[in-house]
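Welcome, and thanks for taking a look at this one. Below is a short tour, arranged by topic, to read alongside the structure.

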Amino acid sequence: LSVWRGGGRRCSAPRGLGGGVKGVLGTGGVWTAGSVGAEPAGTKSSGGGVVFKQWVHHPLKQAVLWVLRLHPAQRERRMHRRLTAAGLPAAPIWGAGLVRRGLGVEAWLATPALGESVYNRIRLGAEGEELAARGRTLLEQLAAAGYVWRDSKASNVLCDADGQLWLIDLGSARRSVSDAQRQRMLARWDAHVAEAFSLRAEPDW
């Protein structure tokens, strides 16, 4: 599976893994596959799994955006590099590419399966205030570095087996010096965390 780490080379659709696919993680063309063998140096995944995200709508528009270097997949990779350079824990991107669809294309990204989202860990009762506070601190560090992130939800921060937090879905992150935008980013986090707490299962006495 070295093609998944090819940094943008064209290749067959990730769905070609066939029986290696474990199941859909969410909507919008996101799914996980089993172990891919040796992992790139300096990265670690949960059980060696890999998560694929594929943009499946409007192939012609995607082709135009890709040529203009404005495709969400390209924006996400650029932001990953910038945040990593700033010392922030952006989830590694192992590879990216295009799948031909008629006259257009569908772009995809591959990342390691790093763990459960903070949202689910809170909702399922695994952890609570301490994890939520660590996630908020991470967003404050993001703001201090001069960035805002429209998808600053607890479902977009993963917690691995060692307790390390990772930012995912960073395509909407932007440079900003607006304090109002930073406050809105933190408010979105607080609201999503509150929702997770509200959905926690009642104890079975």
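Strands here are DSSP runs of E with at least two residues, numbered from the N terminus, and Arg 101 is found in one of them, strand β4. Please keep in mind that this is a predicted model. The protein chain has five helices and 10 strands, and 44% of its 205 residues count as buried.

**Overall picture**

- The accessible surface of the protein chain is about 10600 Å², and carbon and sulfur atoms hold 54% of that area.
- Among contacts with a separation of 6 or more, 64% are between residues 24 or more positions apart.

**Nonpolar cores**

- The largest nonpolar core contains 27 residues, and Leu 83, Val 118, Leu 142, Trp 149 and Val 157 have the most contacts inside it.
- At least two residues of this core come from each of α2, α3 (118–123), α4, β7, β8 (157–159), β9 (165–167) and α5 (179–198).
- Helix α4 gives the largest share of this core, with six residues.
- Leaving aside residues up to four places away in sequence, Trp 149 touches a set of residues that includes Leu 139, Leu 142, Val 157, Leu 167, Met 185 and Arg 188.
- Another core, of nine residues, lies apart from the largest one, and its members include Ala 73, Ile 93, Leu 98 and Leu 109.
- As background, nonpolar side chains in soluble globular proteins tend to be buried together.

**Helix α2 and what follows it**

- Helix α2 has 14 residues and spans 20 Å from its first C-alpha to its last, close to the 20 Å expected at 1.5 Å a residue.
- Its buried residues are Ala 73, Gln 74, Glu 76, Arg 78, Met 79, His 80 and Leu 83.
- Those buried residues of α2 pack against β3 (50–54), α1, β5 (104–112), α4 (129–144), β7 (147–149) and β10 (173–175).
- After α2 comes Gly 87, with a positive phi near 85°.
- Leu 88 sits in the loop between α2 and β4 (95–101), and it counts as buried because its relative accessible area is 8%, under the 20% cut-off.
- Leu 88 touches Leu 83, Leu 138, Gln 141, Leu 142 and Ala 145, not counting residues up to four places away in sequence.
- Between Leu 88 and Leu 142 there are 7.3 Å in space, C-alpha to C-alpha, although the two are 54 residues apart in sequence.

**Salt bridges**

- The structure holds six salt bridges.
- In one of them, the side chains of Lys 53 and Glu 76 meet at 2.8 Å, N to O.
- This pair links distant parts of the chain, with Lys 53 in strand β3 and Glu 76 in helix α2, 23 residues apart.
- Both partners are buried: Lys 53 has a relative accessible area of 16%, and Glu 76 has 9%.
- In another, the side chains of Arg 101 and Glu 106 meet at 3.5 Å, N to O.
- Arg 101 is partly exposed, with a relative accessible area of 32%, whereas Glu 106 is buried at 7%.
- Arg 134 forms a salt bridge with Glu 130, and the closest N and O atoms are 2.9 Å apart.
- Arg 134 and Glu 130 are separated by about one helical turn because they are four residues apart in helix α4.
- Arg 134 is partly exposed at 29% relative accessibility, and Glu 130 is partly exposed at 49%.
- Salt bridges that share partners join Lys 53, Glu 76 and Asp 169 into one network.

**Surface and loops**

- Val 64, Leu 68 and Leu 70 form a nonpolar patch on the surface, and together they have about 280 Å² of accessible area.
- Leu 68 is in the loop between α1 (59–67) and α2 (72–85), and it is exposed, with a relative accessible area of 53%.
- Arg 69 lies in the loop between α1 and α2, and its phi is positive, near 60°, in a residue other than glycine.
- His 58, in the loop between β3 and α1, also has a positive phi, near 55°.
- His 58 is exposed, with a relative accessible area of 57%.
- For context, most residues other than glycine have a negative phi.

How values were computed:
Residues are numbered from 1 along each chain as its sequence is written. This is a predicted model: local features need pLDDT of at least 70, side-chain atom pairs count only at pLDDT 80 or more; totals for chains, interfaces and linings use all residues. Side-chain values use heavy atoms; hydrogens and water are left out. Patches are made of residues with over 30% relative accessible area and no salt bridge: like charges are joined within 9 Å, nonpolar side chains (Val, Leu, Ile, Met, Phe, Trp, Tyr) within 5 Å. Accessible areas come from the Shrake-Rupley method with a 1.4 Å probe; for residues, only the protein chains shown count as cover. A salt bridge is a side-chain nitrogen of Lys or Arg within 4 Å of a carboxyl oxygen of Asp or Glu. Buried means under 20% relative accessible area, exposed over 50%, partly exposed in between (1.4 Å probe, protein chains only). The expected span of a helix is 1.5 Å times one less than its number of residues. Contact means heavy atoms within 4.5 Å. A nonpolar core is a set of buried Ala, Val, Leu, Ile, Met, Phe, Trp, Tyr and Cys residues joined through side-chain atoms within 4.5 Å.
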